Amino acid sequence: FRALSPGCHLYPFNVTIRTDKRGTCRGTQLVYACVGYCESSAFPSRYSVLLASNFTRNITSASRCCTISKDAKIKVRLHCPRGRHHDMEILTARACRCNMCHRSRY
Amino acid sequence: SVLNLKRFIGCAVREFSFLARKPGCSGLHITTDACWGRCETWEKPVLDPPFIESHQRVCTYNETRLETVQLPNCSADMEPSYTYPVALRCDCGVCLTSTTECITSV
């Protein structure tokens, strides 16, 4: 994943789906992720934060993360033996935005 | 050389000013080293629940030293010392709630 400019951008990649380990039915579809570089900073915590955390959290981190702001389902056609096929839906990103980080707390 | 902050990618030590204050004392303006930057974050659709995989790293302190100052004009019952972290090294990393107040803004 590389998109070396600030901001949060659509990034294309291929997804390959197989119905089982032997790949009886399979299909490939181009979908989009969101990849980017959003601003974040860390600085000394205010006294109220120090008090509330019993002086353990002396750093405050204020961040935004590159997230999918709009998604959509798209159809993937899986090709099976004997010319049969099977359709399924998967998610793709449609728009991206520097927004709240959710999973950075752990 | 002058760093172009609009184009900057990565996580670096940056000057930061704040007002150190606690109840019972006057405030003291402090200029110190903190962290600022843009770290790589992404969200991509995946086939299995929860259907979105994310990678969230924020620019935060990697190595610190503690600095203690004396706040002016404290009342007799208030201890005048105020301790805050100084960034020696900053890095993209997870926001650790054990040491950090993790806040996120839209």
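**Note on the pairing of chains A and B**

1. Ser40(A) stands opposite Gly37(B) in strand S2(B). The model is predicted. The strands concerned, S2(A) and S2(B), pair in the antiparallel sense over nine bridges.

2. The contact between the chains involves 46 residues of chain A and 41 of chain B. On the chain B side, strands S1 (10-20), S2, S3 (52-55), S4, S5 and S6 each give two or more residues. S2(B) provides the largest share, 12 residues. By class, the chain B side divides into 22 nonpolar, 11 polar and eight charged residues.

3. Strand S3 of chain A, residues 59-63, has pairings on record with both chains. With S2(A) (residues 26-44) it forms five antiparallel bridges, and Phe43(A) has Thr60(A) as its bridge partner there. With S6 of chain B (residues 100-104) S3(A) runs parallel, again over five bridges; Ser61(A) is partnered by Cys102(B). Four of the five residues of S3(A) are buried.

4. The largest nonpolar core has 32 residues, and those with the most contacts inside it are Cys34(A), Ala42(A), Cys66(A), Cys35(B) and Cys59(B). S2, S4 (65-79) and S5 (85-99) of chain A and S2 (28-45), S4 (58-70) and S5 (81-93) of chain B each supply at least two of its residues. S2(A) gives the largest share, nine residues.

5. Leaving aside residues up to four places away in sequence, Cys34(A) touches residues of chain A including Cys8(A), Leu10(A), Cys66(A) and Cys96(A). Its contacts also include Trp42(B) and Glu43(B).

Definitions and conventions
Residues numbered from 1 in each chain as written. Chains lettered and ligands numbered in written order. Predicted model: local features only at pLDDT ≥ 70, side-chain atom pairs only at ≥ 80, totals over all residues. Buried ≥ 20, exposed ≤ 12 C-beta atoms within 10 Å, placed from the backbone. Pairing = 2+ DSSP bridges. Core = buried A, V, L, I, M, F, W, Y, C linked by C-beta atoms within 7 Å. Contact = placed C-beta atoms within 7 Å. Nonpolar A, V, L, I, M, F, W, Y, C, P; charged D, E, K, R; others polar.
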